[in-house]
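Student: I have a protein chain open on my screen. Could we go through it together, one question at a time?

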Amino acid sequence: KRLILIGPPGSGKGTQSPIIKDEHCLCHLAAGDMLRAAVSAKTPLGIKAKEAMDKGELVSDDLVVGIIDEAMKKPSCKKGFILDGFPRTVAQAQKLDEMLERQGVKIDKVLDFAIDDAVLEERISGRWIHPASGRSYHTKFAPPRVPGVDDVTGEPLIQRKDDSAAVLKSRLESFHRQTQPVINYYSKKGIVATLHAEKPLTDVTDEVRKVLS
Ligand code: AP5
Ligand code: ZN
C-alpha cells in the first residue's frame with residue numbers, strides 16, 4: 001500500500017505511523033523527522049531548513065521534495081510507504097504525482113486526521129519524543145514506562161523546539177492556508193478517508209485498520 005497521512009500538528013500522524021508500518025510492512029517517511037535529523041546534524045539542508053521550522057513555517061517545496069525523492073529510492077520503500085507530513089502544499093502534491101508516474105505507481109489512500117484546533121495545544125504541550133526513532137509519547141495520554149525515557153532503547157526523551165504555544169499557532173496557520181487545499185486535491189481523486197482524530201489513541205488505530213482492511 002502507498003499511503004499519505006495529512007493532519008494538523010498533534011493530530012496523531014506520528015503516533016499511528018509505527019503501528020501501520022508494522023502491520024503492513026511499509027516504510028515510514030516522515031518529512032518532519034528527516035528535517036529535524038538534518039537540522040541536528042547541521043547538514044547544508046538542515047541549515048537552510050532550520051529558520052522556517054523554528055518559526056513554524058513550511059520549508060521550501062524544493063528542499064522537501066528533494067529529501068522525499070531521495071528517501072523513496074530506498075529498496076524497502078518499493079513495496080509500499082507511509083508519507084507522514086508530505087505533501088503539505090499543492091505544489092508538493094503535483095511533484096509527488098510526477099515522481100510516482102515515473103515509477104508507474106499510485107497512492108492508494110490519503111488518511112485525513114480531522115480534529116478541532118482547540119484540542120491540539122494539550123496534545124503538543126505534553127509531547128515527548130525519541131529523536132532517533134521519531135517515537136512520540138504524551139505525559140497524560142501515552143506516558144512512557146519510565147518518565148523521560150524511551151521504552152524501546154532506554155534513551156532520553158526530549159521536547160521539540162517548535163512545540164510552544166506561540167509556534168503552534170503559526171504551524172496551525174500554515175496547515176489551514178497551505179495544507180488543507182491538499183486534502184481537496186486528493187478528494188477530487190476519491191481516495192481520502194477522514195478519521196475522527198480527536199478520539200482516544202486506540203479508537204483512531206481501529207479506524208485506521210478499518211480503512212486499510
Ligand atoms: P512535523 O514534524 O511533520 O510536524 P507537524 O505536522 O506539526 O506534526 P506533528 O509531528 O506535530 O504532529 P503529529 O500528527 O505527528 O502528532 P503526534 O502523533 O506526535 O513538521 C515539523 C516542521 O517541519 C513543519 O512545521 C515544517 O517547518 C517542516 N516540514 C515538515 N514537512 C514539511 C513539508 N512537507 N513541507 C514543508 N515543510 C515541512 O501526536 C502529538 C501528541 O499527542 C503526542 O504526544 C501523542 O502521544 C499524543 N496523541 C496522539 N494521538 C492521540 C490521541 N488519539 N489521543 C490523545 N493523545 C494523542
Ligand atoms: Zn509528527
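Student: What share of the contacts with a separation of 6 or more comes from residues 24 or more positions apart?
Tutor: Keep in mind that this is a predicted model. Two residues are in contact here if their C-beta atoms lie within 7 Å. Among the contacts in the chain with a separation of 6 or more, the share from residues 24 or more positions apart is 73%.

Student: How many helices and strands does the chain have?
Tutor: Follow the chain and you can count them: eight helices and seven strands.  The chain is as compact as a globular protein of its length, because the globule rule gives 17 Å for 213 residues and its radius of gyration is close to that, at 16 Å.

Student: Is strand E1 mostly covered or mostly open?
Tutor: Look at residues 2-6, which form E1. Four of these five residues are buried, so a residue-by-residue check, with 20 or more other C-beta atoms within 10 Å counting as buried, gives the answer: E1 is mostly covered.

Student: Which residue in E4 is the bridge partner of Leu-3?
Tutor: E1 runs parallel to E3, with four bridges, and there Leu-3 stands opposite Ile-82. E1 also runs parallel to E4 (residues 109-114), again joined by four bridges. In E4, the partner of Leu-3 is Lys-109.

Student: How many residues of the shell around ligand 1 are charged?
Tutor: The ligand is surrounded by 37 residues, with Gly-14 and Arg-127 among the closest. Helix H1 and strand E6 are among the elements giving two or more residues to this shell. The shell divides into 16 nonpolar and 13 polar residues, and the charged ones number eight.

Technical notes:
Residues numbered from 1 in each chain as written. Chains lettered and ligands numbered in written order. Predicted model: local features only at pLDDT ≥ 70, side-chain atom pairs only at ≥ 80, totals over all residues. Rg over C-alpha atoms; globule rule 2.2 N^0.38 Å. Near = placed C-beta within 6 Å. Nonpolar A, V, L, I, M, F, W, Y, C, P; charged D, E, K, R; others polar. Buried ≥ 20, exposed ≤ 12 C-beta atoms within 10 Å, placed from the backbone. Pairing = 2+ DSSP bridges.
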